[in-house]
Amino acid sequence: MLYDKNMVKIAVIGGGAAGMACAVRLAGAGREVVLAERGERLGRKLAATGNGQGNVTNLAMDASHYFSDDLEKVARILARCGAQDVIRFLEGMGGLFLPDARGRVYPAGRQASAVTDLFRRELALRGVHVLTGTYVQNLSRGSTFTLSFADGELKADAVVLAAGGKAARQFGTDGSAYALAQAFGHTLAPLSPVLVQLRCDPAAVRGLKGIRVDAGLRLMRGGREVCALRGDVLFTESGVSGDAVFRASSRAQKGDEILLDFLPDTSAEALESAVRGGADGLLCIVNNGLGRHILRLAEGNRARELALLKAFPLQVTGTLGFDYAQATRGGIPLAQVNDALMSNYCKNLYFAGEILNVDGECGGYNLHWAFASALAVAEALQ
Ligand SMILES: Cc1cc2nc3c(=O)[nH]c(=O)nc-3n(C[C@H](O)[C@H](O)[C@H](O)COP(=O)(O)OP(=O)(O)OC[C@H]3O[C@@H](n4cnc5c(N)ncnc54)[C@H](O)[C@@H]3O)c2cc1C
C-alpha cells in the first residue's frame, strides 16, 4: 500500500456515486483520502443508471421531488448544490452534460459508464487511495476510527459512510452497511423499495406481457387520486413497469388502484365514434393484444369497452422488491445528522447518498442527491 495505514485522515466507505464524488472533492482540496469499495470495480451502479445513459441530475431541482423525514434539511442542501452545481462539478472533471426536453441531464455521449470512467480518472489524478475488493465489516471509534476488513484494518480521523441503501443488491448494496451506523446508536427509518415494478393481480395482466403503451396513469387510494402522470407503461408477467409506473411507485402502496388511460389525448366522445362493434372493433385504436384483452373483459358491453380504454383498473398487490428497485426509501433519518450530514451521535462520522433517509423521484433526482450530499460533506471536511 502506498499510504500509511495509521495516518489516513479521511476514509470514505463505498465507491458509488456519493463516495467517489466526496473523495474527488476532498482530494481536490488537498485532503488525504482512502476510498474503500467492496466490489472489484468502482461505480458499477452509476455505470448502469438511466438505462445505461446516466441521468445525473434534473434542471427542475427542489425538495418537492424528494421523500424524507426532513425535507427542510434536504431543501437547504439543494439550495447549496443545485443542478447547475452538479453539472459544473462533473464538467470540472471533463465531459459535457446536457438536458433533454424534460430537463433530465445526461452526459452528451449518453453513456453512464463514461461518467464512472470520468470519476476513476479523476480519483487517480487526485491521488485518492482506492481500495477495491475491500468490504468494511466493522467500524469502531477510540481516539480515531478503525475500519476493519477481512485482511486488515485502517485508521482514520473522519469517516464518510457512503455505502448506499438496499436496492439492487447486484451492485454491492444489500443493506448490510446500515449496521456500521447502527453500531453508533443510529436507527433506521423503515426501508422499502422504490422506483420499482408494481405487482398486480396476475389475471388482470395475463397475456399482456411485453405490450408497451404511452398512457395516462392515475394512482388512486380509497377513491381519491394520489397522483396523475403520463408516460410509458410496460406490461410484465406479474404487473406493470415502465417510466410512468416507476414514477408512481414512489407514492404507491399495497391496496392502491391504478387507472390507465390508453388514449390520453383522445376524448371519450371521439373514442366513442371511433370504436366499432365486434371482435375487431378496437383495431388501430390500441395494440391488438390489448384490444382483445379489453374486448374479453367487456363481454360485448360497449360502455364497458370505452370505460376500460380510458380507465383500465389494476389493483396494486406489492412491488417486485429491493433486488429490482432503483432506490431505497428509508435509512438513516436526517433528524440524526446535522446540516453538514455529520452524525449527532458520533463526531466526524458523516453520511452521504442513499444510505440516508432521502429518495427522489425518477428523473435524475437520486444521483443528484448522491452528489449534492457528498459535496455538502466534503465542504464540511475540507
Ligand atoms: C438500474 C438502476 C438505474 C438507476 N438509474 C438512475 C438514474 O438514471 N438517475 C438517478 O438519479 N438515479 C438512478 N438510480 C439510483 C442511483 O443509482 C442511486 O440512488 C445512487 O447510485 C446512490 O448512490 P450512493 O453512492 O449513495 O450508493 P451506491 O451507488 O449504491 O454505492 C454504494 C457503494 O458502496 C459499496 N458498499 C456497500 N457496503 C460496503 C461496505 N461495507 N464496504 C465497502 N463498500 C461497500 C457498494 O458496493 C456500492 O458500490 C438507478 C439505480 C439503479 C439500480
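I began with the pair Asp359 and Arg329, whose side chains meet in a salt bridge with N to O at 2.9 Å. This pair links distant parts of the chain, since Asp359 sits in strand 21 (residues 358-360) and Arg329 in strand 19 (residues 327-331), 30 residues apart. I looked up the accessibility of Asp359 and found 1%, so Asp359 counts as buried, the cut-off being under 20%. I note for all that follows that the model is predicted.

Next I turned to the other salt bridges, of which the structure holds 21. Arg218 pairs with Glu225, and I found the closest N and O atoms of the two to be 2.9 Å apart. For Arg218 I noted a relative accessibility of 36%, which makes this residue partly exposed, and for Glu225 I noted 44%, which again falls in the partly exposed class.

I then checked Lys155 and Glu153, whose side chains form a salt bridge at 3.7 Å, N to O. Lys155 is partly exposed at 26% relative accessibility, and Glu153 is likewise partly exposed, with a relative accessible area of 41%. I also recorded a network of salt bridges that links Arg102, Asp243 and Arg247.

Which residues come nearest to the ligand? Among the 34 residues around it, I listed Glu37, Lys45, Gly50, Glu354 and Leu367 as the ones that come nearest. When I sorted the residues of the shell by type, they divided into 16 nonpolar, 14 polar and four charged.

I went on to the backbone atoms that face the ligand. For Gly50, a backbone N or O atom lies 2.8 Å from an oxygen atom of the ligand. For Arg38, I found a polar backbone atom 3.1 Å from a nitrogen atom of the ligand, and for Ala17 a polar backbone atom 3.2 Å from an oxygen atom of the ligand. I then looked up how much of the ligand is covered: taken alone the ligand exposes 1,000 Å², and the protein buries 94% of that.

How values were computed: Residues are numbered from 1 along each chain as its sequence is written. This is a predicted model: local features need pLDDT of at least 70, side-chain atom pairs count only at pLDDT 80 or more; totals for chains, interfaces and linings use all residues. Side-chain values use heavy atoms; hydrogens and water are left out. A residue is near a molecule or strand if one of its heavy atoms lies within 4 Å of it. A polar contact is a pair of N or O atoms within 3.5 Å; within protein, one must be able to donate a hydrogen and the other to accept it, and residues adjacent in sequence count only if both atoms are side-chain atoms. Accessible areas come from the Shrake-Rupley method with a 1.4 Å probe; for residues, only the protein chains shown count as cover. Ala, Val, Leu, Ile, Met, Phe, Trp, Tyr, Cys and Pro count as nonpolar, Asp, Glu, Lys and Arg as charged, and the others, Gly among them, as polar. A salt bridge is a side-chain nitrogen of Lys or Arg within 4 Å of a carboxyl oxygen of Asp or Glu. Buried means under 20% relative accessible area, exposed over 50%, partly exposed in between (1.4 Å probe, protein chains only). Helices (H or I, at least four residues) and strands (E, at least two) are DSSP runs, numbered from the N terminus.
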